[in-house]
Amino acid sequence: MQIRAIALQHFRNIPATRLELSGRLQFFVGPNGQGKTNLLEAAGFVTALRSFRSADAKHLICHGQPEAALAFSMEHEQEGDTELTIKLRAGVKEAWLESTKVTRLADVIGRFPTVVFSSQDQQLVRGSPGGRRRWLDLTLSATDKAYFVALQAYHRALAERNALLKRGGGAAQLAAFEQVMADHGVGLIRARRAALAELAELLTSAYAHIADHAEPAGFAYAPDGDHEDAASLAARFAAMRNRDLAMRSTSSGPHRDDFDFMLHARQAKTFASEGQQRALVLSLRLAQATWFHRRSGVQPTLLADDVLGELDPARRQRFWAALPRDAQVLATGTTAPDAELGDWQVFAVDHGEFVPVEAKAG
Ligand SMILES: Nc1ncnc2c1ncn2[C@@H]1O[C@H](COP(=O)(O)OP(=O)(O)OP(=O)(O)O)[C@@H](O)[C@H]1O
């Protein structure tokens, strides 16, 4: 997939802009706080109609404006030239594919894959389980509609059970929601286990490209209760009922799953060095890109937010060499990219304005 044009209005600090993107490599250069990440954040919207850094859409609308608009023209391996338009208002998000309104997220999620490489990614290794779960759920949801549907159904039933627990609800009603959660929950556990096994192989191979030494990398999946079938998961929910009534929320289940990053069969969050953790999360994003491509046949657009600057020159070269040759890359940095890293279309970013920088002659 290649994004050929991006038009934004009142998105964060970008008043109005239309960028025509030519070729495979675009670089957005400028000092801190000018709007480089905002542009990548907008581009990332095409995958799941949401921001990769803010859960709350109201932060995305330019201060003092009632709404923001984002429009994308994309060349797509399977769908040809496609236009996607998104409008954001306080509490309201609407999207159109061509001129057809999108009514279900399931119809677009993952059709336009992007992968973000962010300087915040080390939080995936070191931070709370919620961030890792969100990453895994998005990676699976984007390539497996059944997973996305099961995840939604599980979370709907979980929300209903929690509401009932707060009201001190009866056993029969709780059991009904537990059955729905169990039916969908076992599928989530199974899919997560299989995906992490496949992603671990991709992670090890990407890590070997980026790091100085090839080291076996992977994940240790820690499901919050390992259940092979719905009956055993339902029994677990039932067994927790009294405790959950006292806590007024569902204390265990797939919504509490976690996994650790492993390097050399040791927990990366405690044993890996800063540099190893950085190489690990870059490898994770490469693995995610390969996963998307393998599953959908669509080459994701890569959004590299100030990652080149973080790497020493040797790793920068290796990272670059590890990217798929035919992937579009939108990258940001505070200094212009090295010429040897490719033939970039460069835009200077200044207070939300994007100005094409002419390529130097010769
Ligand atoms: N809703 C909003 N309305 C107006 N401006 C906003 C809004 N949200 C963020 N900003 C502004 O956007 C700017 C941040 O832009 P961005 O995060 O893209 O920076 P950047 O160019 O990537 O910088 P860095 O190199 O520091 O990462 C800040 O000046 C911030 O005040």
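Guide: Helices (H or I, at least four residues) and strands (E, at least two) are DSSP runs, numbered from the N terminus. Residues are numbered from 1 along each chain as its sequence is written. This is a predicted model, in which local features need pLDDT of at least 70, side-chain atom pairs count only at pLDDT 80 or more, and totals for chains, interfaces and linings use all residues.

Visitor: Where is D306?

Guide: D306 sits in the loop between β12 and α10. Check its backbone next. Most residues other than glycine have a negative phi. D306 is not a glycine, yet its phi is positive, about 55 degrees.

Visitor: Which loop holds R248?

Guide: The loop between α7 (241–247) and β10 (258–263) holds R248. R248 also has a positive phi, near 60 degrees. With 14 other C-beta atoms within 10 Å, R248 is therefore partly exposed.

Visitor: How do I read the order of the six-stranded sheet?

Guide: Follow the pairs: two strands pair if DSSP finds at least two bridges between them. Here the open sheet has six strands in the order β8-β12-β13-β3-β14-β15, and the pairing is mixed. From one strand to the next, the twist averages 20 degrees.

Visitor: How many bridges link β8 and β12?

Guide: Five bridges link β8 to β12 (residues 301–305), in the parallel sense. Within that pair, S118 has D305 of β12 as its bridge partner. Helix α9 (residues 274–296) lies across both strands and runs at about 180 degrees to β8. Axes are lines fitted to C-alpha atoms, for helices over the stretch in contact, and angles run from 0 to 180 degrees between N-to-C directions.

Visitor: What is the angle between α5 and α10?

Guide: Helix α5 (residues 171–210) and helix α10 (residues 313–322) pack at about 140 degrees, their axes 8 Å apart. Angles under 35 degrees count as roughly parallel, over 145 as roughly antiparallel, 65 to 115 as roughly perpendicular and the rest as oblique. The two helices, α5 and α10, are therefore oblique to each other.

Visitor: Which residues make that contact?

Guide: Contact means C-beta atoms, placed from the backbone, within 7 Å. From α5 come A206, H209 and I210; from α10 come R315, R318, F319, A321 and A322. They divide into five nonpolar, one polar and two charged. Ala, Val, Leu, Ile, Met, Phe, Trp, Tyr, Cys and Pro count as nonpolar, Asp, Glu, Lys and Arg as charged, and the others, Gly among them, as polar.

Visitor: Last, the hairpins. How many bridges join β5 to β6?

Guide: Six bridges join β5 (residues 80–89) to β6 (residues 92–97), and the strands run antiparallel. I86 stands opposite A95 in β6. Two residues lie between these strands, and G91 takes a positive phi near 75 degrees in this hairpin.

Terms used: Contact = placed C-beta atoms within 7 Å. Buried ≥ 20, exposed ≤ 12 C-beta atoms within 10 Å, placed from the backbone.
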